[in-house]
Amino acid sequence: MASPYKITLYENNKEIYKLIARLGNKLAQEKQLKTLCLQLNICTNEDEFKNIIDELIAAQMFRVIKDIYNSKTRLLITEKPALGLVYKDLKAEGINVNKAQAEVNKNRIDKALYKFDYAIKFAVNHNITDIETFYEELEKRSSALYAERRGLDYF
């Protein structure tokens with residue numbers, strides 16, 4: 001059972017978790033996530049994003065792998081209870097995601113990196129600055145939100 005503090009943290013940051021669940025299959029490179037959150041006005045600036053992520057890591061709602069592919073970025077992996085909470089929210093919206101913890105491997109990382117890259121370029125190229133429009137347009141023009149196994153195809 002999740003503590004009230006963790007539930008509040010999730011509720012305050014659920015759009016971040018929904019992006020990660022839908023695009024990254026439970027994981028995201030921190031820099032890509034920051035870029036998309038800023039583009040879609042989920043966060044107002046880099047400091048706000050950093051503070052949110054640091055708090056979620058401290059609360060153990062993200063597991064972190066540092067220095068993926070010899071870069072100085074962190075890989076954020078969604079942990080319980082956020083997994084169950086985002087699963088429940090998305091299921092209520094008619095979107096199915098697996099609520100099992102993510103096994104991190106090169107293939108899964110590559111798919112997440114490429115799908116986030118595609119999503120960032122899509123949002124920037126179409127000048128999309130809010131999350132609702134982002135999902136609507138992405139669903140109309142792409143299968144990126146539905147094709148977990150095709151992440152490499154988007155690259």
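Visitor: Which residues of helix α3 meet which residues of helix α4?

Guide: From α3, the residues E30, L33, K34, C37 and L38 meet E46, F49 and I53 of α4. Contact requires heavy atoms within 4.5 Å. The model is a predicted one, in which local features need pLDDT of at least 70 and side-chain atom pairs count only at pLDDT 80 or more, while totals for chains, interfaces and linings use all residues. Residues are numbered from 1 along each chain as its sequence is written, and side-chain values use heavy atoms, with hydrogens and water left out.

Visitor: What makes α3 oblique to α4?

Guide: The axes of α3 (residues 30-39) and α4 (residues 46-58) come within 10 Å and cross at roughly 130°. That angle makes α3 oblique to α4. Angles under 35 degrees are roughly parallel, those over 145 roughly antiparallel, those of 65 to 115 roughly perpendicular, and the rest oblique. The axes are lines fitted to C-alpha atoms, for helices over the stretch in contact, and the angles run from 0 to 180 degrees between N-to-C directions. The helices themselves are DSSP runs (H or I, at least four residues), as are strands (E, at least two), numbered from the N terminus.

Visitor: Which handedness has the crossing of α3 and α4?

Guide: This crossing is right-handed. The word left-handed applies if the near helix is turned anticlockwise from the far one by less than a right angle, and right-handed if clockwise.

Visitor: How do you know that E46 is partly exposed?

Guide: E46, which lies in α4, has a relative accessibility of 48% and therefore counts as partly exposed. Buried means under 20% relative accessible area, exposed over 50%, and partly exposed in between, with a 1.4 Å probe and protein chains only. Leaving aside its neighbours within four places in sequence, E46 is in contact with K34 and L38. E46 and K34 are 12 residues apart along the chain, and their C-alpha atoms are separated by 7.3 Å.

Visitor: Why is α2 described as roughly parallel to α7?

Guide: The axes of α2 (residues 14-23) and α7 (residues 131-141) come within 12 Å and cross at roughly 15°. That angle makes α2 roughly parallel to α7. The crossing is left-handed. E15, K18, L19, R22 and L23 of α2 meet I131, F134, Y135, L138 and E139 of α7. This contact divides into six nonpolar, no polar and four charged residues.

Visitor: How many aromatic pairs does the structure hold, and why is the pair of Y10 and Y17 called tilted?

Guide: There are four aromatic pairs in the whole structure. The ring centres of Y10 and Y17 are 5.6 Å apart and their planes stand at 35°, so this pair is tilted. Rings of Phe, Tyr and Trp (its six-membered ring) pair if their centres lie within 6.5 Å; planes under 30 degrees apart are stacked, over 60 edge-to-face, and the rest tilted. Y10 is buried at 0% relative accessible area, and Y17 is buried at 1%. Y10, Y17 and F62 form one aromatic cluster.

Visitor: What makes the pair of Y118 and F122 stacked?

Guide: The centres of these rings, Y118 and F122, are 6.3 Å apart and their planes are at 25°, so the pair is stacked. Both residues lie in helix α6 (residues 106-125), four residues apart, about one turn of the helix. Y118 is partly exposed at 23% relative accessibility, whereas F122 is buried at 6%.

Visitor: What sets the backbone of N25 and K26 apart?

Guide: Most residues other than glycine have a negative phi, and most peptide bonds are trans. N25 is not a glycine, yet has a positive phi of about 50°, and K26 has a positive phi near 85°. N25 is buried at 17% relative accessible area, and K26 is buried at 5%.

Visitor: Which kind of peptide bond joins K80 and P81?

Guide: The bond is cis, with omega about 5°. P81 is in the loop between β3 (74-78) and α5 (82-92).

Note on methods:
Nonpolar A, V, L, I, M, F, W, Y, C, P; charged D, E, K, R; others polar.
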